[in-house]
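Take a look at the structure below. We will walk through it one part at a time.

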2 protein chains.
Amino acid sequence: MTEAGLRERKKLRTRGALIDAAFTLFGRKGFDATTIDEIADAVDVSSRTFFRYFTSKEEVALSLLDEQIDVLVDVFAHRPADEPVLTALHHSFVEVVRRCESGSGGFDADRYETMQRLVATNPALAAHGIELGAVRITELARLIGLRMGVDHTVDPRPHLVASVGVCAVQTAVNAWREADPGARYSDLVDMAFQLLTEGVNYPSVPRT
Amino acid sequence: MTEAGLRERKKLRTRGALIDAAFTLFGRKGFDATTIDEIADAVDVSSRTFFRYFTSKEEVALSLLDEQIDVLVDVFAHRPADEPVLTALHHSFVEVVRRCESGSGGFDADRYETMQRLVATNPALAAHGIELGAVRITELARLIGLRMGVDHTVDPRPHLVASVGVCAVQTAVNAWREADPGARYSDLVDMAFQLLTEGVNYPSVPRT
DNA sequence: CCAAAACTGTCACCAGCTGACAAGAGACGT
DNA sequence: ACGTCTCTTGTCAGCTGGTGACAGTTTTGG
């Protein structure tokens with residue numbers, strides 16, 4: 001099974017090398033300042049070849065996010081069956097982010113940190129990240145639908161839960177970061193979900 | 001006041017003409033298939049000039065969304081002071097979308113429809129739209145903070161409400177659209193907020 | 001009416017990205 | 001071991017988006 005032919009292994013290696021080189025350069029020079037030629041040169045392939053592995057520069061940078069979503073979906077699928085959906089999502093998110101931070105479960109903590117920084121500083125990258133999330137959120141919605149016992153293609157609530165969860169994480173974290181840049185990401189995610197679970201229709205207080 | 005100099009008026013006119021031409025072409029050929037040269041040619045300016053009015057092709061397409069957000073913020077600021085925040089946001093959204101659909105309040109219904117279609121079919125454009133929303137959401141958060149009597153730069157809850165609201169609208173609408181393409185956008189927004197207000201931590205039902 | 005400021009067009013250029021074609025390397029049967 | 005077929009890659013040519021620099025024109029304001 002692991003023996004998948006030399007050709008396959010070589011491809012995997014090039015792909016990995018491209019990601020390595022990309023993240024090294026991104027970390028050193030930033031996303032925009034890094035050209036695709038540089039990435040390709042560092043791995044000794046042509047830039048044309050780069051585009052046979054990734055459709056865009058953004059895709060390399062977000063390959064990590066993609067894996068993260070894989071894991072998130074997997075973790076969510078294995079949450080206890082009696083948990084309410086938002087609660088299950090809550091714990092899944094925290095779990096995945098913890099793994100990233102600790103570098104366990106196949107994640108590289110440094111690289112995760114780099115991506116986090118890139119996405120935070122580069123709006124275009126952030127946009128692509130959101131786009132990626134939007135595409136893959138359907139998988140989450142499907143699982144949520146299963147839990148709720150409804151068909152996610154008809155009932156919009158599963159999508160609602162999934163997207164609101166993702167959205168809450170992003171925004172709350174961004175808002176918090178400015179106030180406390182040193183905070184642990186996983187703690188912020190945890191707090192965001194706590195607030196969300198309590199409900200967000202806060203009363204207006206009369207101006208004194 | 002209306003007399004703001006010939007130069008100003010000319011600029012406004014070119015800007016408007018560029019938007020007009022862009023939407024005409026977008027509507028006819030789609031977003032990607034329309035080049036900036038074509039847009040510029042239609043208005044008889046150089047493509048270089050186009051970039052002096054808009055930083056990217058996306059920005060033209062989303063200029064409408066930008067105006068929409070202007071109005072949304074304005075409407076929200078004038079909601080009754082005793083409404084809970086999510087409720088106020090709910091009514092503001094519905095109000096703005098209604099205006100777009102009816103073509104009142106300075107909106108062009110057809111153009112709105114076109115933009116809606118473009119964003120729905122073009123993921124890159126959708127991503128930019130979300131990005132724009134993310135940038136401008138701070139204004140909303142500030143107002144929400146005022147209502148809640150908290151400082152939105154310290155307390156993340158205003159941001160949370162704003163982003164969750166925006167996010168809910170987008171996702172619920174997208175999910176519904178597939179099931180019922182003819183539905184009125186404003187009705188979908190209304191329903192999305194109803195669900196959101198009721199809370200989203202749905203219980204898991206045991207698989208039979 | 002003239003000078004400063006603003007606006008625009010032209011040109012040159014870079015980076016991202018794609019299609020076509022040919023050459024090289026791995027897979028596979030004989 | 002050999003040839004062949006397929007997959008992968010490099011090269012090249014080309015398009016679009018986007019930006020800086022410079023020069024010419026128009027508007028503004030005194």
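Leaving aside its neighbours within four places in sequence, which residues is B:Ala168 in contact with? This is a predicted model. In it, B:Ala168 is in contact with A:Leu160 and A:Val164 from chain A, and with B:Ala192, B:Phe193 and B:Leu196 from chain B.

B:Ala168 also belongs to the largest nonpolar core, which has 117 residues. B:Ala168 is among those with the most contacts inside that core. In soluble globular proteins, nonpolar side chains tend to be buried together.

Now turn to how the chains are arranged. Chain B is superposed on chain A by a rotation of 180° with 0.1 Å of shift along the axis, and the RMSD is 0.1 Å. That is the relation of a two-fold axis. The same surface serves both copies: 100% of the contact residues of chain B recur in chain A. Within chain B, the residue that comes closest to the rotation axis is B:Ala127, at 2.5 Å (C-alpha).

Next come the DNA strands. Around DNA strand D there are 19 residues, and A:Arg48, A:Thr49, B:Gly5, B:Leu6 and B:Ser56 come nearest. By class, this surface divides into four nonpolar, seven polar and eight charged residues.

DNA strand C is surrounded by 18 residues. The closest are A:Gly5, A:Arg7, A:Ser56, B:Arg48 and B:Thr49. Here the classes are four nonpolar, seven polar and seven charged. At least two residues each come from α1 and α3 of chain A and from α1 and α3 of chain B.

Technical notes. Residues are numbered from 1 along each chain as its sequence is written. Chains are lettered from A and ligands numbered from 1 in the order in which they are written. This is a predicted model: local features need pLDDT of at least 70, side-chain atom pairs count only at pLDDT 80 or more; totals for chains, interfaces and linings use all residues. A nonpolar core is a set of buried Ala, Val, Leu, Ile, Met, Phe, Trp, Tyr and Cys residues joined through C-beta atoms within 7 Å. A residue is buried if 20 or more other C-beta atoms lie within 10 Å of its own, exposed if 12 or fewer, and partly exposed in between; C-beta atoms are placed from the backbone. Two residues are in contact if their C-beta atoms, placed from the backbone, lie within 7 Å. Copies are superposed by least squares on the C-alpha atoms of residues with pLDDT of at least 70 in both. A residue is near a molecule or strand if its C-beta atom, placed from the backbone, lies within 6 Å of it. Ala, Val, Leu, Ile, Met, Phe, Trp, Tyr, Cys and Pro count as nonpolar, Asp, Glu, Lys and Arg as charged, and the others, Gly among them, as polar. Helices (H or I, at least four residues) and strands (E, at least two) are DSSP runs, numbered from the N terminus.
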